[in-house]
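Me: Could you take a close look at one part of this model for me, the patch of positive charge on the surface? Which residues gather there?

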Amino acid sequence: MNTTIRYWEYYNMQETFDMLFKESQENKPFYSLYELITSENNILLAYRTIKSNKGSRTAGVDSYTIDDYKPIDRDAFLLLVRQKLERYKPKAVKRVLIPKPNGDKRPLGIPTMFDRLIQQMIKQILEPICEAKFYEHSYGFRPMRGTRHAISRVMFLISRHNFHYAVDIDIKGFFDNVNHTLLLKQLWNTGIKDKRVLKIIHLILKAPIKGLGIPIKGVPQGGVLSPVLANLVLNDLDQWIAKQWHYFKTVKTYANRANEKRALKTTNLKEGFIVRYADDFKILAKDFRTAQKWFFATKSYLKERLKLDISPEKSKIINLRKNKSEFLGYSLYVVPKKKKWVCNSKISNKKKKQIKTEIKQRIKAIQRNTNRKKVQLYNSYVLGLRNYFRYAYTCQY
């Protein structure tokens, strides 16, 4: 029997999170979140979570790591956090450029250790509120969800319901182009109406980037709070698409969902479903004309409502019976089998090239200087690939 106690249970926060989730489902507004954020258990939980992360020894612009906070007395630490939060002003974010497989570089923001702690405290309270409002088929950076769930959902729609047209839309520089004003309005509409918390989030968004100055838009990749905020932005898109088919409410009441769907097919509505992992998403349709409608409607919605542009060269409509569509490292396509069409999956060519390059570099490092650590890192990399792509080369029908 697994008797391991999770951090939030150890600090008796599970009941608070459940309460926030339930009240958010009931569309209740939250005016007193600041007290929950600065509560003793929430601060200690945030500290323990940050301490357990691998990046806890990666310093920000102030050169502080988690080790610098360990000697501080518990009560003194709680007092320090509360006092600093009352007159909070985040320090500059260190920017690091991470190479991408295509040769470009992804900007990664590294806040100071104290700013990470503040973001974690806020994230713990905001997450259950937002989770209650998020779309059920959004899988990126959410509790108890992952890439395998997103892949499974796409394969299910393709194989079981014959959605053989994929609308692939790539948002151009999503994390760098999030509109701050729109994001704060979305937080307010979600029910987060404690102005003290909204002010702190505004300050986090406006934290200066070292060497670049104060950002006018975007959320820093690498920030603890960024995944929740990014999901909140694109949740508008999820819900807008879902309400046009998946959640569409009919005037007439039907005996079951199947009858309702049959009735909807007699209308001019666009039949389709969205599956999203962070800013990577697909809209699946049954025919080209419907897919085309989704493509242009989604492009307009992103531009007009969310102030986001798409990448024309990467955004397209794919007939899965003729071509392959890439999603989260997988290449998905449709093949005939026993008088029906089923979804097959393989490792995408782009991912294969990336894997080969990485394997060669690791092998060369071992050849230059063979030691136990390098061999273990190589083995763990291969095992990680095996676990991630264990769903490839399979059929689901």
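Reply: Lys-324, Lys-346, Lys-352, Lys-353, Lys-356, Lys-360, Lys-364 and Arg-368 gather in that positive surface patch. To join, a residue needs over 30% relative accessible area and no salt bridge, with like charges joined within 9 Å. Area here is Shrake-Rupley with a 1.4 Å probe, only the protein chains shown counting as cover, and a salt bridge puts a Lys or Arg side-chain nitrogen within 4 Å of an Asp or Glu carboxyl oxygen.

Helix α13 (residues 349-368) gives the patch its largest share, 6 residues, and Lys-364 has its place in α13. Helices are DSSP runs (H or I, at least four residues), numbered from the N terminus.

Keep in mind it's a predicted model: local features need pLDDT of at least 70, side-chain atom pairs 80 or more, and totals for chains, interfaces and linings use all residues. Numbering runs from 1 along each chain as its sequence is written, and side-chain values use heavy atoms, without hydrogens or water.

Note on methods. Patch = residues over 30% accessible without salt bridge, like charges linked within 9 Å, V, L, I, M, F, W, Y side chains within 5 Å. Lys, Arg positive; Asp, Glu negative; His and termini not counted. Charge placed at Lys NZ, Arg CZ, Asp CG, Glu CD. Helix = DSSP H or I, 4+ residues; strand = E, 2+ residues; numbered from the N terminus.
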